[in-house]
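Please keep the sequence and the model at hand while reading.

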Amino acid sequence: MKGDLFSSDHMVQPAVTPGMTIQNAKSIKYAVNGDMLARQGAMIAYRGNLQFERKGQSVGGMLKRAVTGEGLPLMTVRGQGEAWFAHEAQNCFIIGIEPGDLFTVNGRNVLCFDSTLSYEIKTVKGAGVTGGGIFNSVFSGHGSLGLICEGNPLVIPVSPQQPVYVDTDAVVGWTAQLHTSLHRSQSIGSMIRGGSGEAVQLKLEGDGLVVVRPSEATPQKAQQH
């Protein structure tokens, strides 16, 4: 067989070390030697001796299945082999979390992660019922977190002198040192007169980073994630 499809650009190679790597812009490869976690339905191919199990049968587990309250069920992958993960051809990225780090992320952007990471569902402080879903997950520990994003995300530094305001439907995540609150950018009178509609943003203050995707979540997308 010949053709560009079968070139080295597309041909997968055996994993050298356990763990996750970027296969291409739209997928992550995970060399499993033990166990790891991923969103259900995200596995697109695998080889080797792997078992896939739904995660979350206890009350606590069922809560964690939701991760951010947006209906993201998880699965555990166990055994030895290689698995590939993707979701709706979204762009893939890997974050390395070190001991002492905390990263808050929207569940719709979680693809897979090491079992050495811990995650806790928390209410987004100051966001009320509008803040990109009431809940986000805070990841900690030591390991890798695979994320997905519609398009290439923006990583914006936040400093005490320069807070950042983000659309609640576009925010992916932020470092945990940041303080969140709601910011209203227009008066009610301005909205009545035909303002932009961007009346409420999530305000992030402090010293850290915020990740924003270059698109807003549509109602249909929000229901699917």
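Ala89 is exposed in this predicted model, with a relative accessible area of 53%; exposed means over 50%, buried under 20%, and partly exposed in between (1.4 Å probe, protein chains only). Ala89 sits in the loop between E4 and E5, where strands (E, at least two residues) and helices (H or I, at least four) are DSSP runs numbered from the N terminus. Its phi is positive, about 55°, although Ala89 is not a glycine.

Residues are numbered from 1 along each chain as its sequence is written, and side-chain values use heavy atoms, with hydrogens and water left out. Because the model is predicted, local features need pLDDT of at least 70 and side-chain atom pairs count only at pLDDT 80 or more, while totals for chains, interfaces and linings use all residues.

**Loop between E4 and E5**

- Glu88 is also found in the loop between E4 and strand E5 (91-97).
- Glu88 is not a glycine, yet has a positive phi of about 55°.
- Most residues other than glycine have a negative phi.
- Glu88 counts as partly exposed, at 41% relative accessibility.

**Chain totals**

- The chain contains 3 helices and 16 strands.
- Of the 225 residues in the chain, 41% are buried.
- The accessible surface comes to about 11,900 Å² (Shrake-Rupley method, 1.4 Å probe; for residues, only the protein chains shown count as cover). Carbon and sulfur atoms account for 55% of that surface.
- A contact means heavy atoms within 4.5 Å. Among contacts between residues at least 6 apart in sequence, 77% join residues at least 24 apart.

**Strand E4 and its partners**

- E4 is mostly covered, with 10 of its 12 residues buried.
- Two strands pair if DSSP finds at least two bridges between them. E2 and E4 pair in the antiparallel sense over 12 bridges, and Gly34 has Gly79 in E4 as its bridge partner.
- Strand E3 (residues 43-54) also pairs with E4 in the antiparallel sense, over 11 bridges. Glu53 stands opposite Thr76 in E4.

**Open sheet E12-E15-E14**

- An open sheet is formed by 3 strands in the order E12-E15-E14, with antiparallel pairing.
- Strand E12 (164-166) and strand E14 (179-184) are the edge strands, each pairing on one side only.
- From one strand to the next the twist averages 35°; axes are lines fitted to C-alpha atoms (for helices over the stretch in contact), and angles run from 0 to 180 degrees between N-to-C directions.
- E14 and strand E15 (residues 200-205) pair over 6 bridges in the antiparallel sense. Within this pairing, Gln201 in E15 is the bridge partner of His183.

**Nonpolar cores**

- A nonpolar core is a set of buried Ala, Val, Leu, Ile, Met, Phe, Trp, Tyr and Cys residues joined through side-chain atoms within 4.5 Å.
- The largest nonpolar core has 16 residues, of which Met36, Phe85, Leu111 and Cys112 touch the most other members.
- Strand E2 (27-39), strand E4 (74-85) and strand E7 (110-114) are the elements that give two or more residues to this core. E2 gives the most, with 5 residues.
- Apart from this core lies another, of 15 residues, including Ile97, Phe113, Leu145 and Leu147.
- Leaving out residues up to four places away in sequence, Met36 touches Tyr30, Met75, Thr76, Val77, Phe85, Cys112, Phe113 and Ser115.

**Aromatic pairs**

- Rings of Phe, Tyr and Trp (its six-membered ring) pair if their centres lie within 6.5 Å; planes under 30 degrees apart count as stacked, over 60 as edge-to-face and the rest as tilted. This rule gives 4 aromatic pairs.
- Tyr46 and Phe52 have ring centres 5.0 Å apart and planes at 65°, so the pair is edge-to-face. Tyr46 is partly exposed at 40% relative accessible area, and Phe52 is partly exposed at 30%.
- Phe113 and Tyr119 form an edge-to-face pair, 5.5 Å centre to centre with 75° between the planes. Phe113 is buried at 1% relative accessible area, and Tyr119 is buried at 7%.
- Phe113, Tyr119 and Phe139 form one aromatic cluster.

**Lys122**

- Lys122 lies in strand E8 (residues 117-123) and is partly exposed at 39% relative accessibility.
- Lys122 and Thr104 are 18 residues apart along the chain, and their C-alpha atoms are separated by 9.0 Å.
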